[in-house]
Amino acid sequence: MNFFQKEIKLKAQKRGFHLITDEVLNAIPEIKKIKIGQLQVFIKHTSASLTINENADPSVRVDFESHINKMVPENAPYYIHTYEGPDDMPAHIKASLMGASVQIPITNGRLNLGIWQGIYLCEHRDFGGARSVVITAMGN
């Protein structure tokens, strides 16, 4: 079995849901050497997350942001962790709800995603900055 791993910094993004599939693929061209395997993408932050969803219609990403903000509002009176601003504690909750990693099958040197699927960076802070992700490809 072969293992390839890279850590990259994604450019800072505004709050919202952003497609990063191409950035991930560009960072680890060794995927082409794997006939059958898995790709894991892990984000090293507690106020941003990753998920897989619609890659074609950008309105889906806008709706994700609108809906998650209703699910986890800012300025809830019961938040104690408010030292870094009103978006901080909600960002931690949103990151836990969405998750810190995604895993995707690799088949014949390509990600085996559905035709309308892409990897999202879910930026939950107003000014989250550059985000680090660890990308691990494994397989034969």
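Is arginine 15 buried or exposed? Arginine 15 is buried, at a relative accessible area of 19%. The cut-off for buried is under 20%. All views below show a predicted model.

**View 1. Arginine 15 and glutamate 65 form a salt bridge.** The N to O distance between the two side chains is 3.1 Å. Arginine 15 sits in the loop between β1 and β2 (16-19), while glutamate 65 belongs to helix α2 (residues 58-71), so this contact ties together parts 50 residues apart in sequence. Glutamate 65 is buried, with a relative accessible area of 14%.

**View 2. Arginine 15 also meets glutamate 74 in a salt bridge.** Here the closest N and O atoms are 2.5 Å apart. This pair links distant parts of the chain, 59 residues apart. Glutamate 74 lies in the loop between α2 and α3 (88-98), and arginine 15 in the loop between β1 and β2. Glutamate 74 is partly exposed, with a relative accessible area of 28%.

**View 3. Glutamate 123 and arginine 131 meet in a salt bridge.** Their side chains come to 2.8 Å, N to O. Both partners are buried: glutamate 123 has a relative accessible area of 0%, and arginine 131 has 3%. Elsewhere, salt bridges with shared partners join Arg15, Glu65, Glu74 and Asp126 into one network. The structure holds 9 salt bridges.

**View 4. Strand β8 (residues 131-139) is largely enclosed by the rest of the structure.** Why is that said of β8? The reason is burial: 8 of its 9 residues are buried, so the rest of the structure largely encloses this strand. Arginine 131, from the salt bridge with glutamate 123, falls within the residue range of β8.

**View 5. Strand β1 (residues 2-10) pairs with β8.** The two strands run in the antiparallel sense. How many bridges join β1 and β8? There are 9. In one of the contacts to β8, lysine 9 has serine 132 as its bridge partner.

**View 6. Strand β3 (residues 36-43) pairs with β8.** This pairing is antiparallel too, with 7 bridges. Which residue of β8 is the bridge partner of valine 41? The partner is isoleucine 135.

Technical notes. Residues are numbered from 1 along each chain as its sequence is written. This is a predicted model: local features need pLDDT of at least 70, side-chain atom pairs count only at pLDDT 80 or more; totals for chains, interfaces and linings use all residues. Side-chain values use heavy atoms; hydrogens and water are left out. Buried means under 20% relative accessible area, exposed over 50%, partly exposed in between (1.4 Å probe, protein chains only). Helices (H or I, at least four residues) and strands (E, at least two) are DSSP runs, numbered from the N terminus. Two strands pair if DSSP finds at least two bridges between them. A salt bridge is a side-chain nitrogen of Lys or Arg within 4 Å of a carboxyl oxygen of Asp or Glu.
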